[in-house]
Amino acid sequence: GYDGRYVIRDVNLSFESGRIYTMIGKNGCGKSTLLKSCSGLLNPKTGSVLLDGKELHQYLPNERAKKISYLSQSTNTPNITVERLLAHARFPHLSYPKKLRQEDWNIIYKSLEEMNAKGFANTSLRALSGGERQRIYLAMQLAQDTKILLLDEPTTYLDIEYQLSLMKLLEKLKQQGKTIVMVLHDLEQALKYSDYIIA
């Protein structure tokens, strides 16, 4: 919860590799709060969040960012190019002096390609529409290349074509052994593409 106010209580969940979990529920019921707790952005007031058997807060931020990527429901729009934004997603994987290698650029461009957004590489993020920007933020999650993806309403602003291609991509990531935990409002999509529903 927040500032002494509990939003959710008595939650007991575990997430397996190679599965898609979708949280559904009415607005304000705690879906985003639970996702933030799983990402380490919000510490639980009681209880624990464990990653590979270790308390999440015991990981250094850089270590955690190698394992978990998190797409927020609302994001700031920095005044940088798409390419530079995605470069930030590679920083957890770099040693000092944080210089991108060819391998990192390959991952960045492959991520843009997966989201059908390669043509935006040199475009300012602020010049993009809401749907285009959402695809870039999703590409950023891919470029971070973590084994766990936490996605808060990833289909926001996307037209139906891109929603469906995103769901197919998530299925592909699942086949690669990644764990996907997301919040969706579209019940039909949730039921069609999820291994587990958290209501």
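Tyr-196 is partly exposed in this predicted model, because its relative accessible area is 39%, and partly exposed covers the range between under 20% for buried and over 50% for exposed. Tyr-21, in contrast, has a relative accessible area of 4% and is therefore buried. The rings of Tyr-21 and Tyr-196 have their centres 5.1 Å apart, and their planes meet at 15 degrees, so this pair is stacked. Tyr-21 belongs to strand 1 (residues 20–23) and Tyr-196 to strand 7 (residues 196–198), so the pair ties together parts that lie 175 residues apart in sequence.

Where does the count of aromatic pairs stand? The structure has three aromatic pairs. One of them joins Phe-15 and Tyr-21, with 4.9 Å from centre to centre and 75 degrees between the planes, an edge-to-face arrangement. Phe-15 counts as partly exposed because its relative accessibility is 29%. Through ring pairs, Phe-15, Tyr-21 and Tyr-196 are linked into a cluster.

The charged end of Lys-54 sits over the ring of Tyr-59, at 4.4 Å from the ring centre. Arg-135 lies over the face of Tyr-162, and here the distance to the ring centre is 4.0 Å.

Leu-187, Leu-191 and Ile-197 make a nonpolar surface patch of about 270 Å². Of these residues, Leu-187 is found in helix 7, which covers residues 187–193. Leu-187 has a relative accessibility of 45%, so Leu-187 counts as partly exposed.

Technical notes:
Residues numbered from 1 in each chain as written. Predicted model: local features only at pLDDT ≥ 70, side-chain atom pairs only at ≥ 80, totals over all residues. Heavy atoms only, no water. Patch = residues over 30% accessible without salt bridge, like charges linked within 9 Å, V, L, I, M, F, W, Y side chains within 5 Å. Areas by Shrake-Rupley, 256 points an atom, 1.4 Å probe, with all protein chains shown as cover. Salt bridge = Lys/Arg side-chain N within 4 Å of Asp/Glu carboxyl O. Helix = DSSP H or I, 4+ residues; strand = E, 2+ residues; numbered from the N terminus. Buried < 20%, exposed > 50% of the residue type's maximum accessible area, 1.4 Å probe, protein only. Phe/Tyr/Trp six-rings, centres within 6.5 Å; stacked < 30°, edge-to-face > 60°. Lys NZ or Arg CZ within 6 Å of the ring centre and 35° of its normal.
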